[in-house]
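Dear colleague,

Please find the structure below, handed over for your reference.

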Amino acid sequence: MSEEKKNQSKKQNRAKDDFYDYDSESVKSDKRKKNTQAEADAKAEKVKKEPNPSSVGNQLMIVLFSVMAVFIGICYAFADDVGIVGQAIRNGLFGVFGIAAFAVPFLLFQLALFWRRDVVSGAVKYKYIVALFFLVFLSIIVHAFYCISDGVGKITSSDLVWSRFSGLYGEGKLYEGGGFIGGSLALLLLCALGYPGTFIFSFLFLIGFGMALFGLTPSECWQRFMFYRQRSRGVRRTRKAA
């Protein structure tokens, strides 16, 4: 009898130990779940936190882009009075983008003007790329028109030599063509697509990037066009009735 009682007591002790072990493990698992849930909630709050367009950093960026636009415009207008830095900026922009470099101050003003809205929508990083591609395709179109006005005929693969590409930078500084980037890409497109294909291809991308700069879609542009068209018709009718 004594041995049986001892065995029963041992079994009871083991059952208690197993119960306490299971209970401690469940408590630990609950704590882990709570910690992971708290971490997930903290990450979600960080993600959901809206950017502040009125912060000091964003205000400084607006001022910086505005000042850069004004300074580059002054460099264009008074190239001999802006020192070495101003001349380098002017020569560099015109040498790279040609006559299309006149659009650089306007693009910088556009970035500053819509900076608050772009911060809220999260499109600030993409605007730099969009503005750059807009400038590139504008310089391509400028160089294509320059080739037509200069009497340049059909561009073939034999014309794509380094001596022709190397002179594009200097021509751009003299307000001729689309500079090194615009001229190089224009020559490649003219060789591959000809003048009609180059203009169609470049104008389509220029319009697309132009709409992206102002945060517009093709449907929104069409709706606005129809709205202004109907409004102008209404004004004409009222004038005729009067």
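**Findings: aromatic rings, salt bridges and surface charge**

At a relative accessibility of 0%, Phe94 counts as buried. Please note that the model is a predicted one.

Searching the whole structure gives 18 aromatic pairs. One of them joins Phe94 to Phe102 in an edge-to-face arrangement, with 4.9 Å from centre to centre and 75 degrees between the planes. Phe94 is buried, because its 0% lies under the 20% limit. Phe102, in contrast, is partly exposed, with a relative accessible area of 38%.

A second pair consists of Phe133 and Phe209. The ring centres of Phe133 and Phe209 are 5.4 Å apart and their planes stand at 10 degrees, so this pair is stacked. It connects distant parts of the chain: Phe133 lies in helix H6 (residues 124-149) and Phe209 in helix H9 (residues 179-213), 76 residues apart. Phe133 is partly exposed, at a relative accessible area of 38%, whereas Phe209 counts as buried at 19%. Phe209 falls in the buried class because the limit is under 20%. Both residues also belong to one aromatic cluster, formed by Phe133, Phe137, Phe201, Phe205 and Phe209.

Turning to charged side chains, the search of the whole structure finds 2 salt bridges. In one, the side chains of Arg117 and Asp118 meet at 4.0 Å, N to O. In the other, Lys127 meets Asp118 at 2.8 Å, N to O. Through shared partners, these salt bridges join Arg117, Asp118 and Lys127 into one network. How buried or exposed are the members of this network? Asp118 counts as buried, at 4% relative accessibility, and Lys127 counts as buried at 5%. Arg117 is partly exposed, with a relative accessible area of 37%.

Finally, the surface carries a patch of positive charge, in which Arg229, Arg233, Arg236, Arg237, Arg239 and Lys240 gather. Arg236, one of these residues, is found in helix H10 (residues 218-241). With a relative accessible area of 57%, Arg236 is exposed, because exposed means over 50%.

Yours sincerely

Note on methods:
Residues numbered from 1 in each chain as written. Predicted model: local features only at pLDDT ≥ 70, side-chain atom pairs only at ≥ 80, totals over all residues. Heavy atoms only, no water. Patch = residues over 30% accessible without salt bridge, like charges linked within 9 Å, V, L, I, M, F, W, Y side chains within 5 Å. Areas by Shrake-Rupley, 256 points an atom, 1.4 Å probe, with all protein chains shown as cover. Lys, Arg positive; Asp, Glu negative; His and termini not counted. Charge placed at Lys NZ, Arg CZ, Asp CG, Glu CD. Helix = DSSP H or I, 4+ residues; strand = E, 2+ residues; numbered from the N terminus. Buried < 20%, exposed > 50% of the residue type's maximum accessible area, 1.4 Å probe, protein only. Phe/Tyr/Trp six-rings, centres within 6.5 Å; stacked < 30°, edge-to-face > 60°.
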